[in-house]
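Me: Let us go through the side-chain contacts of this model together. Show me the sequence and structure before we start.

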Amino acid sequence: MNPLISIIVPVYNARNTIERCINSVLSQTYSQFELIIIDDGSTDDSLAICEKFALSDSRIIVKHQDNKGVSAARNLGISLCKGEWISFLDSDDYLGEHFLQDLIVNTTDCDIIIGGLQKIYILENQELPDNRYPNAYIHDGFTDYMSIWDKVLIYGYACGRLYKSTIIKTHHITFPIEYSLHEDHIFYYKFLTHSNIIKLSDKNGYYYVNNGVSTLSRNTSVNPDLKWNAYQQISDILKEIIAKFKLTNDSLPLTQNFIIRLYISAVINSYRRKMYNSKYIFPNNDLRNQIRKFHKPLSIKGYAIKYILGYLPNGMQHLILKLLIR
């Protein structure tokens, strides 16, 4: 018997994209699914559109909540789902018709199935090269695919994969509502700490659509404490993953660079806001070593900040960064 897959879609003011999103689910070649749509206090007619779809297909469940954010909406969806597997889909994204069928094949011996993802940038009218994996199983001590781990970890999307629901519910894995930055990474990393076998698929059926709207992770005005919290959460959980699967820091250069950039961004935003009393603006010796070893700046100014944070004593560091960062 085909297992039931629960697809959770959080919706907020998505009237321009939600029909495409829902239709991409209804057109799946794999039909054993339930579509759980959580309207997060939309002020447009998104809820009415979703409810109209629900009237025509019993597999669609629509719930409404006051606006609480995407994490709370996804968590409500998790509490309602009945599937053996859970998948997340954002309301402005869509699925290829074989997405579920491609991922659900041979899933009896794994905890998560990770597929590829295609990014589409609307304003530039272009598709970026898709993120694909080989067909493989990775687990504790399986070193043949050690180089793949870095890619698995740095692409910490919640979407584009199937999660075994018993792991989520047994270990009470939820999206953090107290953080509004990198919730996907935090959820995904927590899930991996309770997983034993990870299946990678070379299929690509998830289409991530970027409409050109700046996100928190790209917005320099983000409260630096959010980036500091994200850095702490992700780096702490990563240590658990490294220990569980017998990895090393050196085998994950891209992931380590991504995490260090979160910390450095928190420091930069603190100086821009003149929050000089932030407890984290002076890195400890371990963090200095991580910055020196793994951070790969993209500009001359980035290299200057790397040198300042990685090598200079606190007093000199503070004086120079106050002059450099405006």
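Reply: Helices (H or I, at least four residues) and strands (E, at least two) are DSSP runs, numbered from the N terminus. This is a predicted model: local features need pLDDT of at least 70, side-chain atom pairs count only at pLDDT 80 or more, and totals for chains, interfaces and linings use all residues. Residues are numbered from 1 along each chain as its sequence is written, and side-chain values use heavy atoms, with hydrogens and water left out.

Me: What is the place of Val 209?
Reply: Val 209 has a relative accessible area of 4%. That makes Val 209 buried (under 20% relative accessible area; exposed is over 50%, partly exposed in between; 1.4 Å probe, protein chains only). Its place is strand E10 (residues 197-210).

Me: How far apart in space are Val 209 and Thr 17, C-alpha to C-alpha?
Reply: In sequence, 192 residues separate Val 209 and Thr 17. In space, the C-alpha to C-alpha distance is 9.9 Å.

Me: How many salt bridges does the structure hold?
Reply: Side chains of opposite charge can pair when their charged atoms come close. A salt bridge here is a side-chain nitrogen of Lys or Arg within 4 Å of a carboxyl oxygen of Asp or Glu. By that rule, the structure holds 6.

Me: Which residue is linked with Arg 74 and Asp 90 in a network of salt bridges?
Reply: Arg 74 and Asp 90 are both buried. Their network of salt bridges also takes in Asp 184.

Me: Where does Asp 250 lie?
Reply: Asp 250 forms a salt bridge with Lys 293, with the closest N and O atoms 2.7 Å apart. Lys 293 lies in helix H10 (residues 285-294), and the pair ties together parts 43 residues apart in sequence. Asp 250 lies in the loop between helix H8 (224-244) and helix H9 (253-272).

Me: How many aromatic pairs does a search of the whole structure find?
Reply: Rings of Phe, Tyr and Trp (its six-membered ring) pair if their centres lie within 6.5 Å. Planes under 30 degrees apart count as stacked, over 60 as edge-to-face and the rest as tilted. The search finds 17.

Me: Why is the pair of Tyr 163 and Phe 191 edge-to-face?
Reply: Tyr 163 is in strand E9 (residues 161-164) and Phe 191 in helix H7 (residues 183-193). Their ring centres are 5.0 Å apart. The pair is edge-to-face because the planes stand at 80°.

Me: Trp 228 and Tyr 280: what is the angle of their planes?
Reply: Trp 228 is in helix H8, and Tyr 280 in the loop between H9 and H10, 52 residues apart. The ring centres are 4.8 Å apart. The pair is stacked because the planes are at 15°.
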